[in-house]
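Biologist: Could you walk me through this one? I have not looked at it before, so please take it slowly.

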Amino acid sequence: MKGGLRVPRRVMTWLTLAIVSCVSLLSTELGATASAASTSVASRAEMSTVQLDSMNQDISTAVDVVNQFWASHWPYYFTGRYSRPRIFGAYGGGGRRAPYCDGARLGYNNAWYCGQGHYIAWDITLMRRGYRSGDAWVYLIIAHEWGHAVQALLDQRLVSRAKELQADCLAGVALYGAARDGILRFENGDVEELADALGALADKTPWTRASDHGSASQRIAAFTRGAGYGVYGCLT
Ligand SMILES: [Zn+2]
């Protein structure tokens, strides 16, 4: 890869296996695959300082890796110039208040890409909530919001009406593409964590309107399509 190759911090399971697992996990109950260690952590009301440090480290790695993936692959996929979104970062949880986007404050307990300022922001409470059952949560959220930033840079004819599912698809492209590039490694359990996270963040009903995120199975299918087929799997 390019000069800025990072030291991989994670251990990867094979892509083919990963895709098969994703599909077979459609019926897995949320949290059922969490390891014993993370289950015991999940029962605590607050995260330890050590865990918060490692979450912040994972968020920072996710930002670097996803950005590096899109920056290096952009010219092969798209015309126009790649522009890295700014990172507002965390708000809420007793820290900073939510930033403004289009004249209104962003909502809490959520993560966002703001087109007006071309920036990404997240409520730290949302990150903490999912991180208790696995670190893949923060990678997914960062990669999904980055997917919206990618959509904003594209010819709008390439942007699906099912914008949220396309963002999941682009998240799959970035995370699995980064793994293929050798800048991200998957640990055992990550594939299950990703499926669980997509399920936990899903709507209760299938996609019908532009603002819908889609059901768990739709979100997992979209992410898996990007993971397996790359960018072109997300544009059709
Ligand atoms: Zn979204």
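**Helix packing and the core**

Modeller: Let me begin with helices H4 and H5, which pack with their axes 7 Å apart and at an angle of about 140 degrees. Axes are lines fitted to C-alpha atoms, for helices over the stretch in contact, with angles running from 0 to 180 degrees between N-to-C directions. Because angles under 35 degrees count as roughly parallel, over 145 as roughly antiparallel, 65 to 115 as roughly perpendicular and the rest as oblique, H4 is oblique to H5.

Biologist: Which residues make the contact of H4 with H5?

Modeller: Met127, Gly130 and Tyr131 of H4 meet Trp137, Val138 and Ile141 of H5, where contact is defined by C-beta atoms, placed from the backbone, within 7 Å. Please keep in mind that this is a predicted model, in which local features need pLDDT of at least 70 and side-chain atom pairs count only at pLDDT 80 or more, while totals for chains, interfaces and linings use all residues. Residues are numbered from 1 along each chain as its sequence is written.

Biologist: How many helices and strands does the protein have?

Modeller: There are eight helices and five strands, taken as DSSP runs numbered from the N terminus (helices are H or I, at least four residues; strands are E, at least two). Along the sequence they follow the pattern α-α-α-β-β-β-β-β-α-α-α-α-α.

Biologist: Back to H5, then. At what angle do the axes of H3 and H5 cross?

Modeller: Helix H3 (residues 49-77) and helix H5 (residues 136-153) have axes that come within 9 Å and cross at roughly 35 degrees. On the H3 side the contact includes Ile59, Ala62, Val63 and Val66, and on the H5 side it includes Val138, Ile142 and Ala143. Leaving aside neighbours within four places in sequence, Ile142 is in contact with Ile59, Ala62, Val63 and Val66.

Biologist: New topic: how many residues are in the largest nonpolar core?

Modeller: That core has 59 residues, and those with the most contacts inside it are Val66, Val138, Leu140, Ile142, Ala143, Ala174 and Leu198. A nonpolar core is a set of buried Ala, Val, Leu, Ile, Met, Phe, Trp, Tyr and Cys residues joined through C-beta atoms within 7 Å. Among the elements giving two or more residues to this core are H3, H5 and H7.

Biologist: And Gly199, is that buried or exposed?

Modeller: Gly199, found in helix H7 (residues 190-200), is buried because 20 other C-beta atoms lie within 10 Å; the cut-offs are 20 or more for buried, 12 or fewer for exposed, and partly exposed in between, with C-beta atoms placed from the backbone.

Definitions and conventions: Contact = placed C-beta atoms within 7 Å.
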